[in-house]
Amino acid sequence: MSVRDPSRPVRYPPLATNALVGLVGGFLGYLTGLPDLAGVGVVLAGVGVAAALRSQRSPRPRAAAPVPLLLALAFAALACPLGLVPELAAGAAGLAFLVWLADDPARFPGGVGRARTTLLVPALALGIAWASSLILPATAAPLGVAAGVLVVALAALAYLFARPSLFDREGAATY
């Protein structure tokens, strides 16, 4: 009987989620307007360093892998001008980062599928924020629309918190 080495990843880092966070984050970096596409370079460098750290056998570098990616996305979000498209891109980059976190190579495959109900909350919040920025006038927000958005958000949170089994579907990565 062989025992799996716990310091070794179960599988190689997934290319799909690295590409997803690279594309969405690269678009956010493009929107920064920095010369010579420096924003895109910073984000893609963060994705590369994070992917390299995730592919290490030691658990310490793998645990630190989200830090460079999060710092790169935060830099791009802070360097972007205020506006509807950059704010939507920043929210989408945050959602892509959460998908990237869910697809951890040290866990069993299918992490995104197991985390879909957990990812539903930030996706719903992003949708509500984007819809309210399009619906609400810029000068004064009507109280009825704001109250409706709040009621929908609270109802969604109450439903999800009442069913904690929706969030904890993940099996252990060791045998």
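Figure 1. Thr17 is found in helix α1; helices (H or I, at least four residues) and strands (E, at least two) are DSSP runs, numbered from the N terminus. The model is a predicted one, in which local features need pLDDT of at least 70 and side-chain atom pairs count only at pLDDT 80 or more, while totals for chains, interfaces and linings use all residues. Residues are numbered from 1 along each chain as its sequence is written, and side-chain values use heavy atoms, with hydrogens and water left out. At 6% relative accessibility, Thr17 counts as buried; buried means under 20% relative accessible area, exposed over 50%, and partly exposed in between (1.4 Å probe, protein chains only). When neighbours within four places in sequence are left aside, Thr17 is in contact with Val99, Trp100, Asp103 and Val112, where contact means heavy atoms within 4.5 Å.

**Figure 2. Helix α1 and the residue that follows.** Helix α1 covers residues 15–31, and its 17 residues reach 24 Å from the first C-alpha to the last. This is close to the 24 Å expected at 1.5 Å a residue; the expected span is 1.5 Å times one less than the number of residues in the helix. Thr17, Asn18, Val21, Gly22, Gly25, Gly26, Leu28, Gly29 and Leu31 are the buried residues of α1. Gly33 follows α1 and has a positive phi, near 75°.

**Figure 3. The loop between α1 and α2.** Asp36 lies in the loop between α1 and α2 (38–54), and Leu37 has its place in this loop too. Most residues other than glycine have a negative phi. Asp36, however, has a positive phi near 55°, and Leu37, although not a glycine, has a positive phi of about 55°. Asp36 is exposed, with a relative accessible area of 80%.

Figure 4. Rings of Phe, Tyr and Trp (its six-membered ring) pair if their centres lie within 6.5 Å; planes under 30 degrees apart count as stacked, over 60 as edge-to-face and the rest as tilted. By this rule the count is one aromatic pair. The ring centres of Phe97 and Trp100 are 6.0 Å apart and their planes lie at 20°, so the pair is stacked. Both residues, Phe97 and Trp100, lie in helix α5 (residues 84–102), three residues apart, which is about one turn of the helix. An α-helix has 3.6 residues a turn, so residues three or four places apart point the same way. Phe97 and Trp100 are both buried. Arg54 lies over the face of Trp100, at 3.7 Å from the ring centre; a charge sits over a ring if NZ of Lys or CZ of Arg is within 6 Å of the ring centre and within 35 degrees of the ring normal.

**Figure 5. Helices α5 and α7.** Helix α5 has 19 residues and reaches 27 Å from its first C-alpha to its last, close to the expected 27 Å. Its buried residues include Pro86, Ala89, Ala93 and Ala96. Helix α7 (residues 116–135) has 20 residues and reaches 27 Å between its first and last C-alpha, close to the 28 Å expected. In α7, Thr117, Leu119 and Ser132 are buried.

**Figure 6. The setting of these views in the chain.** The chain has eight helices and zero strands. Of its 175 residues, 27% are buried. Among contacts between residues at least 6 apart in sequence, 73% join residues at least 24 apart.
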